[in-house]
Amino acid sequence: MKILVCITHVPDTTSKISFTDNDTQFDKTGVQYIIGPYDDYAIARAMELKEGMGAEVTVLNVGLAETEPTIRKALALGADDAIRVNAEPEDALFVAQQIAAVAKENAYDMILMGRESIDFNGGQVHAMVGEMLNLPSVSPVMKLDIEGNTAKMTKEIEGGKEYVAVDMPFVAGCQEPIAEWRIPNMRGIMTARSKPLNVIEPVGDGAGTTVQKFALPPAKGAVKIVDSVDELVDLLKNEAKVL
Amino acid sequence: MENKKAIKGGEFLIRETTPEEIFIPEEWNEEQKMIAQTCHDFIDTEVFPRLDEIDSQKDPELMPRLLDKAGELGLLGTSVPEALGGFGMNFNTTMLVSEVTGKGHSFAVALSAHTGIGTLPILYYGNEEQKKKYVTKLATGEWKAAYCLTEPDAGSDANSGKTKATLTEDGKHYLINGQKMWITNGGFADVFIVFAKIDDDKNLTAFIVEKAFGGITMNEEEKKMGIKGSSTRQIFFNDCKVPVENMLSERGNGFKIAVNILNVGRIKLGAAAIGGAKAAATAAVKYANERKQFGKSISEFGAIKHKLAEMAVKIYASEGAHYRAGQNIDDAYDAFVADGMDPAQARLKSLEEFAIECAILKVHGSEVLDYVVDEAVQVGGGMGFSADGPFDRAYRDARINRIFEGTNEINRMLTIDMLLKRAMKGHLDILGPAQAVAKELVAIPSFGDDGDDTFFAKEKKVLQNLKKAGLMVAGGAVQKLMEKLGDEQEILMNLADMLAEGYVAESVILRVEKLVKMRGEEACKMEIDLARVFLHHAVDVAVKAGREAIYAFAEGDEQRLMLMGLKRFTKIEPMNLKAARRRIADYMAEKNAYPF
């Protein structure tokens, strides 16, 4: 079985976010990067499948050389090899095109990734990749089991769960509790640097969208403690003007 | 590289070190950072959610289970060579593991006792069979280890232990009889390193004792001020039958083993304390940002800024000194191995070479931690004192670090004792420089600066003078008191303080000098502040300790001359320390953590 796990290289959840160039560029200075937390679950499930039934796991990232430490962390978690598509992941369409191009060259039985990245939170790439490859795409997947040639998945839907079955190959956007989150062990870390990390150039014409401007959410105002419901209603009516 | 290898232990006092010769934590490579991250993740996810449960000791299986999990990640085998199932990491990397896991409270103690004093005696002194049989299992955590040296009447005076080992008539076993105290991991250990005297020997002999050998009983868990989750037992050996092949090294070699193994543990204990201090400082910053009084966060008040900044200054300086010494140890190890020495032997030799630095850093790291947790409680105010607050456990758990693995008093005395012994053996030329300083004392002092305006030139002059102050006071004390100096423990403490703060100050100045070369001055403003504030602190310590020592051993003209010399050698250009601390504290508040 061959599994492709697509990972994002995203700012640590505690990072302070700011922008430069008239709020059109994300300011990377001093930012710590991690594997996207949802992608982490996709890797963990791939590793469980590898341990349980044997699989060859490749990780893929669309990013410049600066993402290699993040990719090597995925290798430390147990992936066998890695591909870096040497380009800035400018939008979902562009990233999906890169993944689809790699997938066309290699017969993967499944393509796993996080349900969404935690930087732009587009949540579109898995659907686009499915479309481009003409494969079923399921997300957000909380449980994934393989029986013969069929993948049985539990998907989170509004107010409940949906149980789906698809034939391999397929695409899935993962989230917890699909697998037990993993910490790279010493052996994994020490073997990561000797695993292949292939760098390839991107395909296509680049991003379809351009960012005109980023804006931070407005700063939280001071909290006002009110003594009575009447006062609250009055404030909501006359000060906040929401009633 | 040649130059690096030539650095000798204790030599910092008489040798000018260049920034290129030292390793700084900003140079950790990607792999080392990943190892550190794994340690953080492990402590954050497996240990921190269970701190109360660990400290309650209600489930005696919890700690060994956590050690098993650490073993699965490979954290128990970092120092163990690959051939024995470990990862054969260099010393500095294993110290990084100690540092990061050091925030793990009682778990950190269990981990370091197992991997350090539990495993290393066999790794360094065991024969091939012993290593294969025990170290492989200890490296994975299949077996847990404890170290039994201390007895009710033999603490700091370890060689006075009364535990006996007697050969059985058939010559196949030793029967061990005696009582050991304060045995970390005692409650669940499978293997004990036991020190006992064979017949009426003067010196101890070490044995590898399996719990399964029988004849071992223990008291209930000790009730302690801190590290309440760490298993600490009193252990009784009653005709415990140990096969003769389980003697470690040779008969009578036990005290040497005990001393050398404690020496390895010392610097790592300092590093673990620094890890704990970073976590406590971060908790203090977060609390200071959250807590509002008089309409603003208390991190905006000068008195609190002072505390936060001082925490960072001390942590940053001490951290750098640890890894500077760690690199020296690694370089010495590489040189010994290149000369054909057996790796285990080389590891011990390299640590022995830097035993002075190891003792200094045990003291320094543990006292920085105590300073930080104390001030963290203060930042917390009422919440600092609350047992439900974030600082109570840190405060209590920190305290043991000044006591175990050789009290800080013993280590201070060792620092000076080792230095003087090396001088007397001719390994370290302290006499020459000390005489030169004595001459300088009576010569006309040079006024004004020498016009050197290179980066940190003035700070380096201060360092050079601090060393002179140390040499002057130590030289004076030795000359005056001769062999009686050993009985003047108070003066030894003064000398050790001057030496330690001087070493750490030099380390932080060199660290920041190297960092500036790597990143440019503009990017290192905070670090430059940290280094300068620490240097002032080191000068203050030298003034106070030096004066006390001089008052104690010198009189009349000699005293006056030395006090004048001390004044001259502790001169430092004024700087606005308050403003520097505010800059540091504001940066910490902005980052909401210990950020360096």
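**Chat about a two-chain model**

Q: Is Trp28(B) buried or exposed?
A: Trp28(B) counts as buried, because its relative accessibility is 11% and the cut-off for buried is under 20%. Keep in mind that this is a predicted model.

Q: Fine. How many aromatic pairs are there over all chains?
A: The structure has 16 of them, counted over all chains. In one, the ring centres of Trp28(B) and Tyr323(B) are 4.8 Å apart and the planes sit at 85°, so that pair is edge-to-face.

Q: And where in chain B do Trp28(B) and Tyr323(B) lie?
A: Trp28(B) is in the loop between helix 1 (2-5) and helix 2 (30-47) of chain B, while Tyr323(B) belongs to helix 10 (residues 302-338) of chain B. The pair therefore ties together parts that are 295 residues apart in sequence.

Q: What's the relative accessible area of Tyr323(B)?
A: 1%, so Tyr323(B) is buried.

Q: Which rings in chain A form a cluster?
A: Ring pairs join Phe19(A), Phe26(A), Phe120(A) and Phe214(A) into one.

Q: How does the lining of the second largest pocket divide by residue type?
A: It has 23 nonpolar, 15 polar and ten charged residues.

Q: You mentioned strand 6 of chain A. How many of its residues are buried?
A: Six of the seven in strand 6 (residues 56-62), so this strand is largely enclosed by the rest of the structure.

Q: What does strand 6 of chain A pair with?
A: Strand 1 (residues 2-6) of chain A pairs with strand 6 of chain A in the parallel sense over five bridges, with Ile3(A) and Val57(A) as bridge partners. Strand 7 (residues 81-85) of chain A also runs parallel to strand 6, again joined by five bridges, and there Ala82(A) stands opposite Val59(A).

Q: Through what does the chain cross from strand 6 to strand 7 of chain A?
A: Through helix 2 (residues 68-76) of chain A, which makes a right-handed β-α-β crossover.

Q: Which residues of helix 2 of chain A are buried?
A: Glu68(A), Thr70(A), Ile71(A), Lys73(A), Ala74(A), Leu75(A) and Ala76(A). Just after helix 2 of chain A, Gly78(A) takes a positive phi of about 125°.

Q: Last one, back in chain B: where is Val80(B)?
A: In the loop between helix 4 (62-72) and helix 5 (91-101) of chain B. Val80(B) counts as buried, at 2% relative accessibility. Its C-alpha is separated by 9.4 Å from that of Leu138(B), 58 residues apart along the chain.

Terms used
Residues are numbered from 1 along each chain as its sequence is written. Chains are lettered from A and ligands numbered from 1 in the order in which they are written. This is a predicted model: local features need pLDDT of at least 70, side-chain atom pairs count only at pLDDT 80 or more; totals for chains, interfaces and linings use all residues. Side-chain values use heavy atoms; hydrogens and water are left out. Buried means under 20% relative accessible area, exposed over 50%, partly exposed in between (1.4 Å probe, protein chains only). Helices (H or I, at least four residues) and strands (E, at least two) are DSSP runs, numbered from the N terminus. Two strands pair if DSSP finds at least two bridges between them. A crossover is right-handed if, with the strands pointing away from the viewer, the path from the first strand over the helix to the second runs clockwise. Ala, Val, Leu, Ile, Met, Phe, Trp, Tyr, Cys and Pro count as nonpolar, Asp, Glu, Lys and Arg as charged, and the others, Gly among them, as polar. Rings of Phe, Tyr and Trp (its six-membered ring) pair if their centres lie within 6.5 Å; planes under 30 degrees apart count as stacked, over 60 as edge-to-face and the rest as tilted.
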